[in-house]
Amino acid sequence: MAFEKPTPNSADVGLVGLAVMGQNLVLNMADHGFKVAVYNRTTATTEKFVDANPPAVFGDTGGGLVPAAELKDFVASIKTPRRIVILVKAGKPTDAVIDSLVPLLDKGDVIVDGGNALYTDTIRREKDLTAKGLLFVGSGVSGGEEGARFGPSLMPGGKPESWEILKPVWMACAAKVDEKTGKPLEGAAPGKPVKGGVPCTTYIGPDGAGHYVKMVHNGIEYGDMQLICEAYSILRNSLGKSPAEISAIMTEWNKGDLNSFLIEISADVLQQKDPVTGKPFVDVVLDTAGQKGTGKWTSINALDLGVPASSVAEAVFARCISAIKDERVAASKVLKGSEGLGKAVEITVDAVRDALYCSKLCCYAQGFALYAAASQEYNWDLKLGELAKIFRGGCIIRAGFLQKITDAFVKNPKLQNLLLDPYFAGKVTESQSNWRKVVARAALDGTPVPVFASALSYFDSYRSETLPANLLQAQRDFFGAHTYERTDQPRGEMFHIDWPDPKRPQLKLSEMGMNRS
């Protein structure tokens, strides 16, 4: 039914964009006692949402909905300084909503972009709105539909004063974890939010820091998901396990070191039967994966910063190659793999578990190395331990594993790489034999495991005192005079050989009057 013009200053916070994520976040805020102004470009969507959620839904929480058909009435209904959350498609749609809001706002009001924005867009928007006297928060929101409804992980970036205004809402609505164990608190229901616990949100840093952290979180998520898929593929193709058997295996894994939301839902998916054919559901799902760009953005940024994040990039490429289904079908009729070689390497279910754990660790190590590099590059002063803390609940990569990462940074805030933490170094030491066997078996069986293999190569490269880049740099000096450093000279001193006459003395750049290339 149609609704009346809202009373001015009757709402505590507002939200624009009533798609599924927006609706669920509104209900979450209302569950926590906030009066939430709601607006959608299509008024019928607002009407339907309000009709489906009468005041009784929120019980005695004190929260509720304040609908508006016109944007100006929506803005007027929110108490100042206004807190307005935008949950619309990233890119131009977000800019369009911001542009429509700006003329209606007062200085000191806060716009919060909760979409999956590219962090450079967030930096631009924050700068533009600051010039207009407005505050802006770019906040990652992770956890999908369920997380938005009952507690997501929230990653806000912007000016500290922007965070202080938003903080009461975000702290209330974020997922909560047990203070001692770090395990997510469960049991939230409509009108009955979880009480107590530590909120899975914190101030991330200036301008685009929040959306950057969410971007890399999604890159880690790409790697984590692909690794589980590769473990499934090895269990099925090399060990002959059925989907139901693999579901039972993953259910057992979820009780130990691999405990995570993604393992849990993978086990659920693998035991599902297709309601049409009765076959395992996974067997009727076409093997072509989609993506929304955050994994690609993470990989591009890793290249820009010079941070090796090969596992994330391989996970993106795995989705890309899955998308060329018709081409793969044609290739399968021409290109044949080896037969029978895999039997030379025996593996067990436990070996696959160990390989998954070690590969997962490398994926997270790469993501946190990216955080460290970006913090320095963009002057964000990211607290890596705090990031691990807010990932423990609500978000897609939530896992028991993250408590160990939190512990690692608490012990050593300047930890250069998670692989160097004594706990994780010990886990890899005891598990790497199985990891190597699994990757070898997959290669011999012809089972593609791009992220397992790249993670192992990353580990071996990181632990190697000497890499063949010495030959590579000599090649570069030969064809392009790119110079090189010597093992018997201090770092930073560059040399060049006149390759047409290699018997000539090697020259320092300082002697040649050249700058370091």
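Trainee: Where does Asn9 lie?

Mentor: This is a predicted model, in which local features need pLDDT of at least 70 and side-chain atom pairs count only at pLDDT 80 or more, while totals for chains, interfaces and linings use all residues. Residues are numbered from 1 along each chain as its sequence is written, and side-chain values use heavy atoms, with hydrogens and water left out. Helices (H or I, at least four residues) and strands (E, at least two) are DSSP runs, numbered from the N terminus. On that basis, Asn9 lies in the segment before strand 1.

Trainee: What is the relative accessible area of Asn9?

Mentor: Asn9 has a phi near 55°, a positive value in a residue other than glycine. Buried means under 20% relative accessible area, exposed over 50%, and partly exposed in between (1.4 Å probe, protein chains only). Asn9 is partly exposed, because its relative accessible area is 46%.

Trainee: And how does Ala481 count, buried or exposed or partly exposed?

Mentor: Ala481 also has a positive phi in a residue other than glycine, near 50°. You will find Ala481 in the loop between helix 19 (469-480) and strand 10 (495-496). Its relative accessibility is 36%, so Ala481 counts as partly exposed.

Trainee: Which residue does a cis peptide bond join to Thr80?

Mentor: Look in the loop between helix 3 (71-76) and strand 4, where the proline sits. The bond has an omega of about -10°, and the partner of Thr80 is Pro81.

Trainee: What is the strand order in the open sheet of seven strands?

Mentor: Two strands pair if DSSP finds at least two bridges between them. The edges are strand 3 (64-67) and strand 7 (153-158), each pairing on one side only. Between them the pairing is mixed, and the order is 3-2-1-4-5-6-7.

Trainee: Which residue in strand 3 is the bridge partner of Ala37?

Mentor: Strand 2 (residues 35-39) pairs with strand 3 in the parallel sense, over four bridges. Both faces of strand 3 are covered, with Gly64 and Val66 buried on one side and Leu65 and Pro67 buried on the other. The bridge partner of Ala37 is Val66.

Trainee: And in strand 6, which residue stands opposite Val110?

Mentor: Strand 5 (residues 110-113) and strand 6 (residues 135-142) are another parallel pair, again with four bridges. The residue facing Val110 is Leu135.

Trainee: At what angle does helix 4 run to strand 4?

Mentor: Angles run from 0 to 180 degrees between N-to-C directions, and axes are lines fitted to C-alpha atoms, for helices over the stretch in contact. Contact means heavy atoms within 4.5 Å. Helix 4 lies across strand 1 (13-16), strand 4 (83-86), strand 5 and strand 6, and its angle to strand 4 is about 155°.

Trainee: How are helix 4 and helix 5 directed, roughly parallel or roughly antiparallel?

Mentor: Helix 4 (residues 92-101) and helix 5 (residues 119-131) pack with their axes 12 Å apart, at an angle of about 10°. Thr94, Asp95 and Ile98 of helix 4 make the contact with Arg124, Arg125 and Leu129 of helix 5. Angles under 35 degrees count as roughly parallel, over 145 as roughly antiparallel, 65 to 115 as roughly perpendicular and the rest as oblique. The two helices are therefore roughly parallel.

Trainee: Which residues have the most contacts inside the largest nonpolar core?

Mentor: A nonpolar core is a set of buried Ala, Val, Leu, Ile, Met, Phe, Trp, Tyr and Cys residues joined through side-chain atoms within 4.5 Å. The largest one has 85 residues, and its largest share, 16 residues, comes from helix 14 (residues 349-378). A second, separate core of 32 residues includes Met29, Phe49, Val110 and Leu166. In the largest core, the residues with the most contacts are Phe368 and Leu418.

Trainee: Which helices do the buried residues of helix 16 pack against?

Mentor: Helix 16 (residues 401-411) has several buried residues, among them Ile405 and Phe409. Leaving aside neighbours within four places in sequence, Phe368 is in contact with residues including Ile405, Phe409 and Leu418. The helices packed against the buried residues of helix 16 are helix 14, helix 15 (384-390) and helix 17 (422-445).

Trainee: How far apart in space are Leu305 and Ala373?

Mentor: Leu305 lies in helix 11 (residues 294-305). Not counting residues up to four places away in sequence, Leu305 touches Tyr212, Leu370, Ala373, Ala374, Glu377 and Tyr378. Leu305 and Ala373 are 68 residues apart in sequence, and their C-alpha to C-alpha distance is 7.0 Å.
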